[in-house]
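Me: Please look closely at one part of what follows, the contact between the chains. I would like one connected account.

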There are 2 protein chains.
Amino acid sequence: MKRIYLLAAIAVTAISQTSRTPSAPHFTADGKLEFPADYREWIYLSSGLGMNYSRGATEGPPSFDNVFVHPSAYHEFMKTGHWPDLTIFVLEVRHSASAGSINKAGNFQTGISSVQAAVKDIKRFPDGEWGYFGFADSHVSAVRVPHSGSCYTCHPANGAVENTFVQFYPTLLEVARAKGTLKPSVAATLDK
Amino acid sequence: MKRIYLLAAIAVTAISQTSRTPSAPHFTADGKLEFPADYREWIYLSSGLGMNYSRGATEGPPSFDNVFVHPSAYHEFMKTGHWPDLTIFVLEVRHSASAGSINKAGNFQTGISSVQAAVKDIKRFPDGEWGYFGFADSHVSAVRVPHSGSCYTCHPANGAVENTFVQFYPTLLEVARAKGTLKPSVAATLDK
């Protein structure tokens, strides 16, 4: 009888692991981040339209930013307000249109402009724990943005929880407030 | 040995069913749609900002519309371009802000304005197959919008696939084109 339960337990464990981590970050042997092809089935966090952290004007129709996070990292955040090691975010930038089909005003999403990723991997990125990646249109793999890139200064300085802009993800902001994991310097700038 | 495999198979089946249909539409005994509390973990389709199907002006900051569909319905659509019976969509309407934290321009999402749902249930809604629901702020359950509501004329007339606005969900639009399931009257209005 013990063997029966053991086998059943093994089956359960195997399935549970398969369904929970189908697409945590995967790297090639030479350190490139493989394109996470199923990111549209991850957990959606929020979208912005034409967001801009500087006052400079932008040209042309504004872009939508859609942010997704891998489900296993999301569930850990919902419990603790912290990001576990091997968290992976995807930022999908899409073009927008205003007139189309029966729509007369405002903006809806159209084709992809770019796909970017952020990965927390403490061993791989000892210089700040997070690595940033921009995929070429071929969506195969990406080398890490060099550490001189502005992401490596802006995210830790301005992200509400670690390097992440939780202040712009309303469902996570509630959790971080409840768990007390907001960065004090950022929390002070947010309206209650 | 057969018993061992049988038990393992039962365990596998139980888990698989639990993970695939945790929240298909559930109705109370008196026909109200129960609030799908986990919809933020469903599949995200797209967002709009300030979308308007008429030319009338709107007041105040524009709202974001986030659209989610239950995973089992999404996977069926990706295979066939059709919505299975018991498909459930959620439309989450959120307020927007422009200035906040380090953001200077454009719009990001803030609190919930309303949550609405659409359910395909051929037996329950023989008069058009789809039912529409608007949840009160308590997010408990909702009675069906009466059949005189404009949703029951606008959706079937203008939705690109059945009653759904696939023309505004770019990842699904590609699938519907490939599967040939776009409504011809709507397809003719879309730019190729």
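Reply: Helices (H or I, at least four residues) and strands (E, at least two) are DSSP runs, numbered from the N terminus. On that basis chain A reads α-β-β-β-α-β-β-β-β-α-α-α along the sequence, which comes to 5 helices and 7 strands. This is a predicted model, in which local features need pLDDT of at least 70, side-chain atom pairs count only at pLDDT 80 or more, and totals for chains, interfaces and linings use all residues. Residues are numbered from 1 along each chain as its sequence is written, and chains are lettered from A and ligands numbered from 1 in the order in which they are written.

The contact itself takes 45 residues from chain A and 44 residues from chain B; two residues are in contact if their C-beta atoms, placed from the backbone, lie within 7 Å. On the side of chain A that touches chain B, at least two residues each come from α1 (2–20), β2 (43–52), β5 (105–120) and α4 (170–179). That side has 20 nonpolar, 19 polar and 6 charged residues (Ala, Val, Leu, Ile, Met, Phe, Trp, Tyr, Cys and Pro count as nonpolar, Asp, Glu, Lys and Arg as charged, and the others, Gly among them, as polar).

Strands cross between the chains here. β5(A) pairs with β2(B), residues 43–52, in the antiparallel sense over 3 bridges; strands pair if DSSP finds at least two bridges between them. In this pairing, Ala105(A) has Asn52(B) as its bridge partner. β2(A) and β5(B), residues 105–120, also pair in the antiparallel sense over 3 bridges, and there Asn52(A) stands opposite Ala105(B).

Phe68(A) and Phe68(B) have the most contacts inside the largest nonpolar core, a set of 70 residues. Such a core is made of buried Ala, Val, Leu, Ile, Met, Phe, Trp, Tyr and Cys residues joined through C-beta atoms within 7 Å. A residue is buried if 20 or more other C-beta atoms lie within 10 Å of its own, exposed if 12 or fewer, and partly exposed in between. Of the 192 residues of chain A, 31% are buried.
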